[in-house]
Amino acid sequence: MLRVEQVSKAFGGLLALAGVSLEVTPGERRAVIGPNGAGKSTLFKVMAGELRPSQGRVFLQGREVSGMPQERVARLGLGRTFQRSNAFPELLVWENVALAQKAAQGQGATLGQRLTPEPGVQRVLEQVGLAERAHVVASQLSHGEKRQLEIAMALVQNPSVLLLDEPLAGLSGAERERIGELILGLDPQMTVLLVEHDLEYALRFAQRVTVLHYGQVIAEGEPEAIRQNPQVQEIYVGAGWAVETGAATTQGPEVLRSEGLCAGYGAMQVLSEVQLEVAQGEVVALLGRNGMGKTTLLSALMGLLPLQEGEVFFLGQGIGRLPPHRRAALGLALVPQGRRMFDGLNVEEELQMAAWGQRGRWTLERVLEVFPRLAERRRNPSKALSGGEQQMVAIARALLRNPRLVLMDEPTEGLSPLMVRQVAEIIRTLKAEGETVLLAEQNVQMALSVADRVYILEHGQVVWEGRPQEASQAVLHRYLGV
Amino acid sequence: MMAELSREARAGSNGRQGLLRWGLVGLLLLPLALGGYPLYLATEAALLGLAAVALSLLLGHGGVPSLGQAAFLGLGAYTVGLALKAGLPLGLALLLAPLAAALLALLTGLLVFRTHGIFILMLTLAFGQMVYSAAHKWTGLTGGDDGLSLSGLSIHPVLLHLVAVGVLLAAVGGLRALLQTPYGKTLEAIRQNEEKIRSLGVPTFYYKLSLYLLTAALTGLAGSGLALHRSFISPHDLFWLTSATLMVMVLLGGSRGLWGAVFGALLYTFVQAWVSSFTDLWGLFVGSLLVLTVLFAREGLWPLLERRLGGGRGNA
Amino acid sequence: MATIRRRQLIKAGLGLAGLAASSRFSFSLAQQEPIRIGVVLSYSGPYARLGQEITRGMELYLEKVGYQAGGRRIQLLKEDEEADPAVAVRKVRKLVEQDRVNLLSGIILSSSAYGIRDYVHERQIPLVIANAAANGITRERRSPYIFRTSISAWQQHYPMGPWVARNVGKKVFLLALDYAFGKEATAAFKEGFLQAGGEPVAELYTPLGSTDYSAVISRIAAARPEAVHAVLSGSDAVIFLRQFIQFGLNRSIQLAVSGEVTDENVLEAIGDAALGAKSADHWVYTLNNSANREFIQAYRQKFNAVPNHFAVRGYDAMQFIVDAINTVQGDLSNRQRLLGAIESAKIISPRGFVQMDPETNNVTQHVYAREVARIDGVLTNRLLADLGTIRDPGK
């Protein structure tokens with residue numbers, strides 16, 4: 001039905017897909033999983049014709065489609081939904097669906113009559129549960145309804161192959177349930193490929209699973225085999241981490257506390273009623289699967305996102321309404337996801353820039369002493385460093401502001417297992433130096449091995465808190481899919 | 001269920017909105033009773049209104065920001081002027097004008113629609129200025145700066161006005177119906193989310209190009225009308241300021257629904273003519289009006305009127 | 001000459017009578033409708049300064065005669081041409097159809113003049129053009145209703161050709177703005193220049209509104225002419241002159257230019273560096289006649305500034321109109337008589353003796369060679385030579 005042959009896709013120097021091959025048979029349910037940055041979305045874009053592969057070919061029903069513009073691939077029977085739902089916000093719901101139908105019939109240019117809601121449109125709206133909302137302007141739909149509309153638009157085209165790109169991301173419990181059921185109930189004749197971070201759901205949905213890592217297929221097979229595959233476990237969990245079982249360190253005074261914190265994007269609420277505490281000298285880990293609100297929480301604490309409700313106390317002072325720079329001045333530092341090195345600066349210049357105008361326990365000399373690796377590389381351009389070294393620079397930059405609390409957003413993202421160990425070492429070093437750290441992390445085992453306390457977020461709520469050694473397999477499995 | 005749904009879709013305008021539109025048509029026709037200068041201005045407004053309606057369709061519904069409409073307006077004007085000079089009958093000359101404009105749109109559109117957003121603005125502006133330069137330099141054909149006089153042509157002003165208003169209303173009606181067809185809705189969809197509609201299998205390039213041709217032809221027709229109306233054509237009609245004036249008309253009246261463009265053209269023409277008799281700083285006045293509109297009635301003055309007087313949401 | 005002096009006396013007498021009438025018998029005067037003159041000039045856009053100067057000249061003359069002519073009050077109705085011929089057409093229609101003016105005057109752009117020509121001709125409204133210089137206005141497109149009291153491009157530049165060939169140099173670089181006036185002016189200059197044995201070394205047209213003339217100047221330097229004949233106006237003239245001097249070309253190459261280039265407004269922006277530049281025009285600050293002295297004094301007193309030829313053009317346009325109204329004694333009902341009065345008008349202008357040519361409806365007048373000089377602290381042009389009475393051939 002759909003065949004991908006040795007597809008590579010490079011963005012500049014970055015190889016997002018490195019020789020991916022896969023074949024999907026008619027009517028198959030296929031899940032494509034893998035950690036962030038593994039190349040899943042890129043693979044979908046190449047299949048759909050949105051991106052042209054650097055190498056390799058894509059066949060749809062035996063016909064080569066690589067190199068065709070995406071509208072032609074779509075007309076050949078490939079439907080897709082996007083990660084961010086995006087319909088036509090100013091059109092009515094039924095108009096959105098009717099246009100998709102006309103497009104599939106090649107009648108988009110019809111001039112003779114008005115666009116009308118034909119029976120097919122109505123049927124699909126009923127199928128996805130949007131019949132009641134047919135005359136509403138699409139922008140007024142809820143987040144979940146927009147997903148339903150997105151799926152309706154794909155279904156009305158009656159595609160032979162349907163690509164679903166993270167259809168559950170960012171949905172709340174009830175909506176998640178509804179969309180999840182909708183996808184499981186799709187016409188079994190249709191070939192469906194799914195990219196999904198919710199591992200549990202992906203494995204339930206799929207007949208076969210393809211695992212991508214660093215742009216390569218590292219495993220393919222039936223769901224149960226994939227679940228057992230040690231390589232997959234290593235990627236998702238990280239193996240061989242020892243959880244310290246020593247007695248709890250005596251708690252220092254409170255540094256940060258959030259009370260009833262609610263935040264989100266626009267009208268959409270992502271975090272609800274988050275209670276959180278960090279004490280002096282502690283490393284606190286914030287765990288949760290992708291899209292559960294970890295980055296959103298750090299952004300809200302830092303002030304990059306306005307609070308919808310609740311308050312944040314920092315060193316006893318309410319800071320919930322302060323702008324980010326004021327919070328930084330008080331001693332909050334964020335190490336953002338993705339490290340963000342400056343172009344054209346070397347390591348020393350990066351650090352000098354961060355240290356400029358600062359006075360305190362962390363100086364340039366002290367940082368280079370604690371991170372001897374950086375001292376060796378001080379003249380190298382920061383962009384040429386390895387991922388782990390870049391993470392070191394990013395953390396060092398934060399330390400040079402002499403913060404009272406360091407917020408780290410997924411420092412191990414996209415790093416190889418070896419590098420992950422390096423990052424863990426850095427965090428231990430900070431702990432030894434007496435720093436206070438709030439760490440949002442996907443690598444559960446690594447986080448458990450460095451943390452004093454753990455919070456688990458699910459759908460924007462704290463569902464579990466405790467010490468690492470108290471986190472039983474059952475807890476981890478239930479909330480983190482491990 | 002479905003019948004009810006389509007009925008609701010069809011019931012686009014309620015009675016009071018219709019009344020407002022009739023009021024606008026009345027304003028366009030009223031100068032027939034006055035004759036003379038008011039009639040001259042009203043014909044000018046109706047013809048510029050046709051060009052503004054075309055731009056409104058292009059900008060407000062197709063999402064194509066063009067600053068090169070003056071090229072089509074001027075080309076239409078010169079085509080009709082040169083055709084008449086060459087001894088062609090008026091009917092044929094009036095047919096050639098929109099065709100010439102559409103041809104120019106085809107040639108430039110093939111390049112323009114390889115880009116998006118601000119680059120479309122730059123490219124249309126650049127092409128417009130190229131046509132302006134050509135008209136300016138090609139003195140043998142166009143008369144250059146001195147312009148082109150259409151002496152000896154006399155069309156009764158009342159007739160010209162009736163035809164201009166008739167064409168304008170037919171254009172508004174026809175284009176509004178067009179916007180309800182799958183083609184029209186697809187254009188709206190392209191403006192709102194081009195990647196999505198492409199992923200649904202719509203070759204957007206051809207939709208945008210065809211829209212561009214259509215609006216260019218209408219603008220060329222408006223230009224040919226202006227040439228007959230003024231009996232004189234100058235390269236100034238091709239200058240980018242003319243494009244900007246059309247843009248101001250559209251933004252004042254409201255870029256969606258097409259009636260707004262008619263209202264904007266009428267308002268701009270009369271206010272400008274009136275104010276500039278009192279003060280040389282008329283530009284300041286028109287500018288302030290635009291600023292106030294953008295600040296307090298972002299959708300334009302016509303939707304504001306529709307809401308205030310018509311008692312309903314503007315139907316786009 | 002004697003007849004003219006008599007005419008002046010009569011005019012002065014009428015003026016006095018009018019003044020007296022306006023103060024003592026205002027009631028009786030009010031019953032007679034004022035004569036309405038519609039004036040279309042650019043008051044906004046790139047030619048706003050021209051419009052302003054011409055208006056100043058017009059009002060200065062009307063004040064001189066107490067806004068009276070032929071026993072009737074005169075009223076000016078000003079409209080902005082906006083440097084757009086389409087607007088000029090519209091404004092003329094407004095003045096004629098709504099304001100019911102008796103005469104029209106003004107018009108900066110030649111394209112405006114062409115644009116309104118047919119309408120004015122059909123409506124038979126007398127139009128006195130106070131600026132637009134395109135030759136065709138009083139040649140192939142002339143109308144019995146359209147008069148030009150300023151000057152044609154040919155008239156201004158043709159006589160300069162032989163004068164430059166004889167007095168400045170035979171090798172001249174021709175530079176002009178790339179529009180109709182620049183081309184007509186250059187062609188006229190070249191015509192006379194070639195007849196007198198001159199050799200143009202190059203001919204270059206530059207776009208309007210350039211902000212940098214260094215490329216043009218390096219081409220001039222490479223061509224090594226004895227002089228440059230430039231036809232530029234406004235900001236183009238200022239920038240060209242400034243850079244010409246900055247690059248030091250004024251030490252080896254003479255400037256023999258159109259009168260627009262050394263217009264007093266331009267000189268104000270350039271300063272003493274332009275001293276010695278020669279130009280051709282129909283008015284000179286230092287012309288030694290009583291009308292000029294009176295004009296300059298009145299202008300300086302009223303506006304506290306130095307007048308230029310645009311002010312003179314406005315002044316004279318009104319002088320012609322007032323003269324004609326006086327001739328028909330304020331009775332405009334017979335249009336043919338009014339047209340005849342304008343056709344046969346002769347005035348003593350600040351530029352000397354000026355006479356309407358009834359064949360072309362373009363004025364016959366003196367053209368002068370001038371030189372930039374500082375006179376009594378005023379940066380202006382002084383008279384070098386009278387190039388004679390010049391009549392536009394009309395074809």
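This is a predicted model: local features need pLDDT of at least 70, side-chain atom pairs count only at pLDDT 80 or more; totals for chains, interfaces and linings use all residues.
Residues are numbered from 1 along each chain as its sequence is written, chains are lettered from A and ligands numbered from 1 in the order in which they are written, and side-chain values use heavy atoms, with hydrogens and water left out.

**Exercise 1. Find out which chains share the most contacts.**

Step 1: Start with the meaning of contact, which is heavy atoms within 4.5 Å.
Step 2: There are 2 pairs of chains in contact, and chains A and B share the most contacts.
Step 3: Now look at chain A and chain C, which do not touch; 36 Å lies between their nearest C-alpha atoms.

**Exercise 2. Describe how chain C is divided.**

Step 1: Domain 1 of chain C covers 35-151 + 288-358, and domain 2 covers 155-281 + 370-390; such bounds come from an automatic or database domain assignment.
Step 2: Taken over C-alpha atoms, the centres of these two domains of chain C are 28 Å apart.
Step 3: Their contact takes 14 residues from domain 1 of chain C and 13 residues from domain 2 of chain C.
Step 4: Turn to the record: in an unreviewed entry, UniProt lists residues 34-373 of chain C as "domain: Leucine-binding protein". UniProt positions are given in the numbering used here, feature names are shortened, and annotations may be inferred rather than shown by experiment.
Step 5: Helices (H or I, at least four residues) and strands (E, at least two) are DSSP runs, numbered from the N terminus.

**Exercise 3. Work through two aromatic pairs.**

Step 1: Rings of Phe, Tyr and Trp (its six-membered ring) pair if their centres lie within 6.5 Å; planes under 30 degrees apart count as stacked, over 60 as edge-to-face and the rest as tilted.
Step 2: Searching the whole structure gives 19 aromatic pairs over all chains.
Step 3: One of them joins B:F113 and B:Y212, edge-to-face, at 5.2 Å centre to centre with 90° between the planes. B:F113 is in the loop between α6 (90-112) and α7 (118-137) of chain B, while B:Y212 is in helix α12 (residues 204-230) of chain B, so the pair ties together parts 99 residues apart in sequence.
Step 4: Check the burial, where buried means under 20% relative accessible area, exposed over 50%, and partly exposed in between (1.4 Å probe, protein chains only). B:F113 is buried at 4% relative accessibility, and B:Y212 is buried at 2%.
Step 5: C:Y61 and C:Y315 form another edge-to-face pair, with 5.2 Å centre to centre and 85° between the planes. C:Y61 belongs to helix α3 (residues 48-64) of chain C and C:Y315 to helix α13 (residues 309-327) of chain C, so this pair ties together parts that are 254 residues apart in sequence.
Step 6: C:Y61 is buried at 1% relative accessible area, and C:Y315 is buried at 4%.
Step 7: Ring pairs also link C:Y61 and C:Y315 into a cluster with C:W283, C:Y285, C:F295, C:Y299 and C:F303.

**Exercise 4. Trace the surroundings of B:Q272.**

Step 1: Locate B:Q272 in helix α14 (residues 259-275) of chain B, where B:Q272 is buried with a relative accessible area of 3%.
Step 2: Leaving out residues up to four places away in sequence, B:Q272 touches B:L267, B:W282, B:V286, C:E82 and C:R90.
Step 3: The C-alpha atoms of B:Q272 and B:W282 are separated by 6.8 Å, with the two residues 10 residues apart along the chain.
Step 4: The side chains of B:Q272 and C:E82 make a polar contact of 2.9 Å. A polar contact is a pair of N or O atoms within 3.5 Å; within protein, one must be able to donate a hydrogen and the other to accept it, and residues adjacent in sequence count only if both atoms are side-chain atoms.

**Exercise 5. Which side chain does C:R139 meet in a polar contact?**

Step 1: C:R139 lies in the loop between β5 (127-129) and β6 (146-148) of chain C, and is buried at 12% relative accessible area.
Step 2: The partner is C:D392, and the two side chains are joined at 3.0 Å.
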